[in-house]
Amino acid sequence: ATLADAKTGKVEIYNENFFRPLDYVSLSYEIYADGILIDKGTKSLSSLAIKPQGKAVITIDAIAKAQADDANKGKELLANINFRLLSDTPLLTAGDIVAHEQFTLTDYAFPTVDARTAQAEAAKTPAVTLDDRAVYAVLSANGVDVTFSKHTGFVSYIDVNGQPMLTDDSELTPDFWRAATDNDFGANFQNRFAAWQHPHLDKKSFDIKQDGSRYVVTAEYELKDLEAKVKLTYTMLPTGQLIVTQDLTVNPDAKNKPQLLRYGMQMQMPKEYSQIASYGHGPHDNSLGRAYSQNIGIYRQTVADQFWGYVRPQETGTKTGVRYWTITNKQGLGLSFAGTAPLECQALNYTEDALQPSRHKAQHHSGDLTERPFTDLHIASRSMGVGCVNSWGAWPRSEYQMPYKDYSYTYIISPVR
């Protein structure tokens, strides 16, 4: 199905069958505003008599109605179209979905740094305070304490209402790698691009400055072996929100230009932070090249739900197109992450290294993995697609690769309580 005219709700239906008319399915639709269901219904296709390889146009009035409703202004409007079996078949039952499509009627309004800063100023909460010590610095606002290590320059603690959001031996650090898949091994990515797996970040500067009621922290690093530099900028707002920007700058004349497998940041939270509420592609894991197999929606899951036990341990659990990603304990305390553009998020009870235990395709098995006593969280801008052309050498299509170049992204960490 394709959206022929969004304003009037006209949808064109194409019968891909070569011999069978489209007389064995019905059409159901659902309209969502910012992930909340606002309308649904069904349409019979029998009167259209769509022949094999034929097309017909149907009007869904709810699509036009949703766009005209002032209550939906400024919201992301999505229309889900499902084709359901009218009767049982040898393998499927009546009502099963055999084809689906999701149409974007109005785009999502991603938060901007300026808007969040203005909201924080309007809230008139007390200004951010700084506790500057010899080896660490703590920024505090609205019940949130963010501790920076002056040795590494990284965030080493985030406390909300006095409760730690990071494990004692974890920091919020840059992340350029995801676990290699069987397809990646077939193309030898785990060796070709290995320089990005655990690169050494040599801290060159660390600075804290007050900016009105806010504080801005910057840390700069050199990745000598990769001829690259990373700049991390953190802005703490009086609301307790932390705006994080990561800038990667590479040498365009570098001799070696390995691709990245992921561009983002990672941290480890105590295992009690196991409840996920996300708005993005789901409910199953997906990658850039396979994102549209999963509809955008609001999904509530646990960290344990994210792991898929492929025979061989490998990349799993990543969700793309994320508008927000909230992770809390059962009492509702935790953190929420929102990007100024779509994010890719992953939360598992296994580390990246556990999912890729070696650079050789040894006979490891997912069933042999041991859950770790924490939640391994990745908040990324994007990662390389998983390919699937074949698993003995083919690369993902070019638009799903991550070439050696400059990257930048911004996201906002907010307390949830």
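This is a predicted model: local features need pLDDT of at least 70, side-chain atom pairs count only at pLDDT 80 or more; totals for chains, interfaces and linings use all residues.

Visitor: Which residue is the bridge partner of Thr129 in S9?

Guide: The partner of Thr129 is Ser140, in S9. The two strands concerned, S8 and S9 (residues 136–141), run antiparallel and are joined by four bridges. They belong to an open sheet of five strands, paired antiparallel in the order S8-S9-S10-S11-S12. Strand S8 (129–132) and strand S12 (163–164) form the edges of that sheet, each pairing on one side only.

Let's stay with S8 and turn to a side chain. Asp132 meets Lys150 in a salt bridge, with 2.6 Å from N to O. Asp132 sits in strand S8, while Lys150 belongs to the loop between strand S10 (144–149) and strand S11 (155–160), so the pair links parts of the chain 18 residues apart.

For context, a search of the whole structure finds 13 salt bridges. One of them joins Glu76 to Arg323, whose closest N and O atoms are 2.5 Å apart. Glu76 lies in the loop between helix H1 (61–68) and strand S6 (77–85) and Arg323 in strand S21 (residues 319–328), so this pair ties together parts 247 residues apart in sequence. Here both Glu76 and Arg323 are buried.

Terms used. Residues are numbered from 1 along each chain as its sequence is written. Side-chain values use heavy atoms; hydrogens and water are left out. Two strands pair if DSSP finds at least two bridges between them. A salt bridge is a side-chain nitrogen of Lys or Arg within 4 Å of a carboxyl oxygen of Asp or Glu. Buried means under 20% relative accessible area, exposed over 50%, partly exposed in between (1.4 Å probe, protein chains only).
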